[in-house]
Each structure stands twice: as structure tokens, then as C-alpha cells.
Amino acid sequence: MSEKKFDYFIQGKKAKWEVIIGLEVHAQVLSKSKLFSSSPTKFGAEPNTQVSLVDCAFPGMLPVINQFCIEQSVKTGLGLKAKINLNSIFDRKNYFYADLPQGYQISQYKNPIVGEGEVILDMPYGTKKVRIERLHLEQDAGKSIHDIDPDHSFVDLNRSGIALMEIVSKPDLRSPNEVNAYVKKLRAIMRYLGTCDGNMQEGSLRADVNVSVRKLGEKELGTRCEIKNVNSIKFMQMAIEYEAKRQVELLEDNKQIDQETRLFDTKKNTTRSMRSKEDAHDYRYFPDPDLLPLNLEQSLIDKLKKELPELPDEKKERFIKQHHLSAYEANILVSEKEISVYYEEVIKNCDKKLATNWITGDLFAVLNKKNISISKSPVSAKNLSTLIKMISLGKISGRIAKEVFEIMQLNDEDPETIVESKGLKQQSDPKELEKIILEILSKNKDKVEQYKSGKEKLFGFFVGQVMKISEGKANPQLVNTILKSKLK
Ligand code: MN
């Protein structure tokens with residue numbers, strides 16, 4: 001673990017301030033159909049083509065609970081090491097908006113399906129536990145579109161009724177970096193579980209961010225503001241930074257913080273007031289009379305628990321033990337399920353240490369440059385594995401390997417074929433290398449004299465000459481050995 005210490009605070013004119021953050025993450029349940037209807041949930045469909053009579057609240061239509069969505073929530077709860085509540089209740093949260101045809105959202109209020117849990121973060125200054133308060137199920141609203149026509153607003157009800165898991169954290173986060181780590185970890189857990197695709201561009205994961213500040217050392221929480229519906233980690237971080245500074249300035253001017261709901265303006269990178277914060281009682285929550293209380297069998301929970309896949313924390317432990325990785329390396333390799341699968345595929349046939357370096361170094365550089373995920377890697381795990389094996393066996397040098405790797409990115413070609421067809425094989429014949437070396441030494445008699453009289457730095461010069469003549473193909477270890485014996 002690094003020596004780095006936690007050091008995020010806001011330096012005001014009068015004092016240092018601590019930032020307190022809690023997140024309400026809305027995660028779209030990965031499910032083919034909606035929470036209370038059989039309409040499809042595919043992203044990007046023509047507006048209003050995935051809407052049943054239930055989703056647009058025709059009179060007399062009754063919601064029917066989607067058992068699969070329930071199981072997805074239970075799995076997510078188990079992944080958060082949380083208590084699963086055998087009895088939960090669906091409530092109506094009443095408010096009016098054009099994209100909410102029912103006039104209420106079906107949500108869970110007093111009795112959510114999942115209770116307290118935790119998420120562990122790996123920060124540069126150590127591990128940090130973030131407590132989860134609850135996870136409840138609710139339906140999404142439709143989408144209002146205000147920006148395609150100057151005179152009209154439009155409503156798309158495709159999203160109306162899609163299942164969301166609202167995951168509420170305790171106010172345990174203390175910096176934009178911790179928020180970054182938290183959202184990424186949460187997303188990784190759900191992607192490992194297959195309960196949410198975590199695609200933030202498509203709105204599958206968005207968060208309401210609660211921010212307050214207090215003087216360093218104070219115990220009591222300050223008044224918080226809630227920044228609604230932020231759909232990228234970068235925006236969450238910028239919103240927190242802006243909002244914390246805004247609150248510090250107000251407090252240092254002896255002004256009050258109004259508890260309110262704010263919006264993050266992505267063009268100005270500021271937050272602005274949207275409405276004063278409503279309280280829960282404003283929504284007139286009451287149990288939905290169309291839905292029975294949700295009662296789960298313990299046997300179902302036991303079954304789902306047994307079927308859970310290996311999750312990031314466990315996989316990290318296993319990688320450290322089984323593959324002898326550092327905690328740092330293991331963290332990177334389990335950060336996404338696809339990366340861990342790729343890694344274990346590569347090391348089936350080659351050196352683990354080299355594989356770790358190649359994946360986290362060269363391969364990640366390519367993926368970053370192309371801005372693609374590892375599942376779209378231009379080099380397959382199988383071919384990268386072959387390349388690394390060729391290095392270990394001395395068939396090619398590390399330098400040539402980089403060259404081959406470049407070519408592999410074009411068509412994901414087998415490195416053996418590339419090396420064969422381009423004549424890049426490592427020169428490991430001692431006799432041939434000796435010939436080259438003797439030639440170089442006889443051409444550079446002055447330098448040989450200087451070397452022998454103590455200028456040992458020249459050794460590198462001789463190696464460089466061998467590499468130049470062999471076009472980088474000479475086996476470096478052999479070159480070293482032969483050169484040393486010839487220079488004695
Ligand atoms: Mn919600």
C-alpha cells in the first residue's frame with residue numbers, strides 16, 4: 001500500500017472544510033421486460049414503440065410484478081453483502097409530470113427489498129468501507145424532450161416502467177476521487193452479477209449526489225444539497241467540487257445553506273437551484289393497492305446466493321494468492337470482469353508476470369488510445385499469449401515483440417506467422433553472433449583499448465552496434481556473454 005494520505009478538503013478564507021457526500025444511484029435492472037409490464041426495454045428504439053397499456057396508465061390496467069427483476073435486485077443486494085428483506089412493500093410516490101402518466105411512481109418507501117450492506121473501496125491511502133443504507137426497486141418515468149423543437153416539448157414513454165434499483169449510500173464519501181472509486185466499484189459488482197449493464201451514456205446508471213460541508217474536526221453534519229440526475233462520473237466530480245466551494249463561501253459569509261435540489265449545468269460546470277427540497281411527506285406515499293406485499297422465500301435467496309459468480313473482491317484475493325500479483329496489479333485486473341477473463345485466458349500458456357506487464361502496459365495503452373474496452377481489443381488473448389510465450393522462449397527479443405505487437409493490432413494475426421513472414425526471429429546462433437561481434441571489435445580497435453583501460457561504459461556502445469547490425473534480432477543475453485568473453 002502506498003504512503004499517500006487522504007488530503008481532500010476545501011481551503012476557505014477562514015478554515016479548512018471537510019466535504020461529506022452520499023449517493024443515490026439509480027441503476028437500470030438488466031431485464032428484457034419492464035418491472036410491471038411485458039414491454040421490451042431495448043435502448044434506442046423509436047419513441048413510444050415500447051409502451052404497453054400499463055406503461056401509459058390506461059384506466060383499469062393492473063401492474064404485474066416481473067419476477068426476474070426481483071431476482072436481479074436480490075442478487076445485487078447479495079453482491080453488496082446486504083440484508084435481504086423477505087417482506088417488502090411497493091408504495092405510490094405521488095407527483096405530477098408530463099412524462100409520468102400514472103401521476104405516481106411505484107417505488108418502495110418504508111420497506112425496501114434490500115437493507116444495509118457495504119462496498120469496499122481501494123484507495124491509495126488504504127481500503128475504505130462505504131456503508132449502503134438500502135436498495136429499493138422502483139419504476140422509471142418516461143422522458144421529456146425539450147431540445148429538438150423551439151415551440152414544443154415531446155414525451156417518449158419507452159422508458160416508462162423500466163425497473164430501477166435505487167442504491168442509497170450512507171454519507172460516507174469524502175472526496176470526488178472516492179466518488180469515482182465508489183461508482184466504478186458499484187458498477188463492476190453489478191456487471192459481474194449481470195444485473196445492470198452500467199452504461200452511463202445510455203443512462204443505465206445515474207446518481208443523485210448529496211453534498212454538505214463542515215469545518216474540519218466538527219462532528220455534526222451540515223445542511224445538504226442534492227444534485228439531481230448526474231449521468232457521468234466526471235460530472236459528479238465537477239458538481240461536487242463546485243457545490244462544496246459554493247457552500248463554504250456561503251457559510252464563511254455567515255449565510256445559510258438552503259436544503260434544496262440543484263441541477264448540474266454541464267456547459268458552465270456549475271450547479272443551480274432547481275427547487276427547494278421536498279420532504280418525503282410531500283409525496284403522500286402509501287402502499288400501492290394494486291400490488292400485494294412482496295414476500296420472498298428464504299429458499300430462493302439461498303439458491304441465488306449459491307449461484308452468485310465470483311465477485312471483484314474475492315477474485316482479487318484469488319489473483320493475489322494464485323497468480324502472485326501485488327494488490328495494486330490485482331485491483332486493476334479485476335476492475336472489470338472482461339479484463340479478468342482476458343487475463344486468465346492469456347496466462348493459460350505463458351509467464352504470468354510478463355502477461356501482467358503486457359496487459360496493463362502495452363495493451364491498455366492501445367485500448368486507451370482507441371478509447372475502447374477490452375472486449376473489443378484488437379489483439380485477442382490467445383495471440384497475446386503466444387507473443388509473450390515467444391519472448392520467454394527467446395524466439396524474439398522484447399524490442400522485436402513491440403514491433404510484432406504493432407502489426408498484430410491490424411488484423412489480430414498470429415505472432416508466429418508475423419515473425420516468420422517478416423523474418424523477425426531472434427538471432428540465437430552463438431557462432432553467427434560471434435562473427436558479428438568480432439567484426440565490430442576489429443572495426444573499433446580504439447574503443448576496445450579505451451574499454452580495456454577502464455572506460456566500461458563503452459560496453460553499451462558495443463551492444464548497440466550488434467543490435468544495429470542484427471536489426472534488433474540478436475539475443476541480448478547471448479550478446480552480453482560473448483562480448484564479455486571477447487573483451488577480456
Ligand atoms: Mn428514485
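**View 1. The largest cavity has a volume of about 100 Å³.** This is a predicted model: local features need pLDDT of at least 70, side-chain atom pairs count only at pLDDT 80 or more, and totals for chains, interfaces and linings use all residues. Residues are numbered from 1 along each chain as its sequence is written, and side-chain values use heavy atoms, leaving out hydrogens and water. A cavity is a set of points, on a 1 Å grid over the protein atoms alone, where a 1.4 Å probe fits but cannot get out. Its volume is the space filled by probe spheres set on the points. The count is one cavity of 30 Å³ or more. The largest cavity has 15 lining residues (an atom within 4 Å of a point). Asp 55, Gln 102, Gln 139, Ser 160 and Gly 161 lie nearest its centre.

**View 2. His 26, Glu 138 and Glu 166 hold the protein donors of the manganese ion.** Donors are N, O and S atoms within 2.8 Å of the metal (3.2 Å for Na, K and Ca). Glu 138 sits in strand S7 (residues 126-139) and Glu 166 in strand S10 (residues 163-169), 28 residues apart. Strands are DSSP runs of E, at least two residues, numbered from the N terminus; helices are runs of H or I, at least four. Glu 138 is buried because its relative accessible area is 4%, and buried means under 20% (exposed is over 50%, partly exposed in between; 1.4 Å probe, protein chains only).

**View 3. Met 61 lies in the loop between strand S2 (16-28) and helix H1 (67-79).** Met 61 is partly exposed, at 34% relative accessibility.

Definitions and conventions:
On a 1 Å grid over the protein atoms alone, a cavity is a set of points where a 1.4 Å probe fits but cannot get out, and a pocket is an open set with protein on both sides within 12 Å along at least five of seven lines; lining residues have an atom within 4 Å of a point.
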